[in-house]
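Please keep the sequence and the model in view while reading.

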Amino acid sequence: MPFLIALLGVLGAAAFWWYRLKAMNEAANEVADVIGRVQGNIRRKKLRKQAALSPLTAIDDPVVAAATLITAIVAEHGPILPQREGVIREVIAQIAENPKKTDEAVVYGKWAAAQIDDTTIVIDKLAPFQRERLDPHERDDLLRMLNRVAQGGEQSLRIADQRMLRLRQKLGFEVN
């Protein structure tokens, strides 16, 4: 009889621990599922935020693209001071349909240039956009506008040769 009681005790303990391990396994699986869902939500939110806030992907107007491109390249040398902003406004006003469009393009260009740290990204995204929408003469005008903004303002800026070379390449000009 004591043997039977001991056997029932061992079987009971084994059943108890088996049930406990099964419950812990299910709890661990639920925690892993929750962690996976949270990580997925974080990744999706980050991608949505990046797509929603990407100032370059939102540009669908060549005037705004020109303002953003010029501002980003010039801002590489330091903040855009009022006199240089005035020169940017002058060159954008020559291609914009009205003063409201000029203001919109310059303000958006300054904001977008401030959002993107790397000027190369701006050139790589906006120059092909401009190449598709502008004829060769207008693309050449864009380069002249950039040079005019660099020469205007408080002090003349020298735009790096590599930036101009990359911009010319992306705009579709033959580069030696």
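In helix H2, the buried residues are Val63, Val64, Ala65, Ala66, Ala67, Thr68, Leu69, Ile70, Thr71, Ala72, Ile73 and Val74. Here buried means under 20% relative accessible area, exposed means over 50%, and partly exposed lies in between (1.4 Å probe, protein chains only). The model is predicted, so local features need a pLDDT of at least 70 and side-chain atom pairs count only at pLDDT 80 or more, while totals for chains, interfaces and linings use all residues. Residues are numbered from 1 along each chain as its sequence is written, and side-chain values use heavy atoms, with hydrogens and water left out.

**Helix H2**

Helices (H or I, at least four residues) and strands (E, at least two) are DSSP runs, numbered from the N terminus. H2 covers residues 62-75. H2 has 14 residues and spans 19 Å from its first C-alpha to its last, close to the expected 20 Å at 1.5 Å a residue. The expected span is 1.5 Å times one less than the number of residues in the helix. Because 12 of its 14 residues are buried, H2 is largely enclosed by the rest of the structure.

What do the buried residues of H2 pack against? Their partners are H3, H4, helix H5 (119-133), H6 and helix H7 (161-170). Contact means heavy atoms within 4.5 Å.

Threonine 68 gives an example from helix H2. Threonine 68 has a relative accessible area of 1%, so it is buried. Not counting residues up to four places away in sequence, threonine 68 touches Leu56, Ile59, Tyr108, Gly109, Ala112, Val122 and Leu126.

**The largest pocket**

Rolling a probe the size of a water molecule over the atoms shows where empty space is left. The search runs on a 1 Å grid over the protein atoms alone; a pocket is an open set of points with protein on both sides within 12 Å along at least five of seven lines, whereas a cavity is a set of points where a 1.4 Å probe fits but cannot get out. Lining residues have an atom within 4 Å of a point.

The volume of the largest pocket is about 150 Å³. A volume is the space filled by probe spheres set on the grid points, which are joined across faces, edges and corners. Among the residues that line this pocket are Pro62, Ile95, Gln130 and Met145. H2 and H6 are the elements that give two or more residues to the lining. H6 provides the largest share, 4 residues.

By type, the lining has 7 nonpolar, 1 polar and 2 charged residues. Ala, Val, Leu, Ile, Met, Phe, Trp, Tyr, Cys and Pro count as nonpolar, Asp, Glu, Lys and Arg as charged, and the others, Gly among them, as polar.

**Salt bridges**

Side chains of opposite charge can pair when their charged atoms come close. A salt bridge is a side-chain nitrogen of Lys or Arg within 4 Å of a carboxyl oxygen of Asp or Glu. How many salt bridges does a search of the whole structure find? The search finds 11. The table gives some examples.

| Pair | Closest N to O distance |
|---|---|
| Glutamate 85 and lysine 110 | 2.9 Å |
| Arginine 133 and glutamate 132 | 3.1 Å |

Glutamate 85 is buried at 15% relative accessibility, whereas lysine 110 is partly exposed at 32%. Both belong to a network of salt bridges that also includes Arg89 and Asp103. Not counting residues up to four places away in sequence, glutamate 85 touches Ile80, Val106 and Lys110.

Arginine 133 is partly exposed, with a relative accessible area of 42%, and glutamate 132 is exposed, at 59%.

Aspartate 140 and arginine 144 are 4 residues apart in helix H6 (residues 136-151), so about one helical turn separates them. Aspartate 140 is partly exposed at 27% relative accessibility, and arginine 144 is partly exposed at 42%.

**Phenylalanine 173**

Leaving aside neighbours within four places in sequence, phenylalanine 173 is in contact with Pro136, Arg139, Asp140, Leu143 and Arg168.
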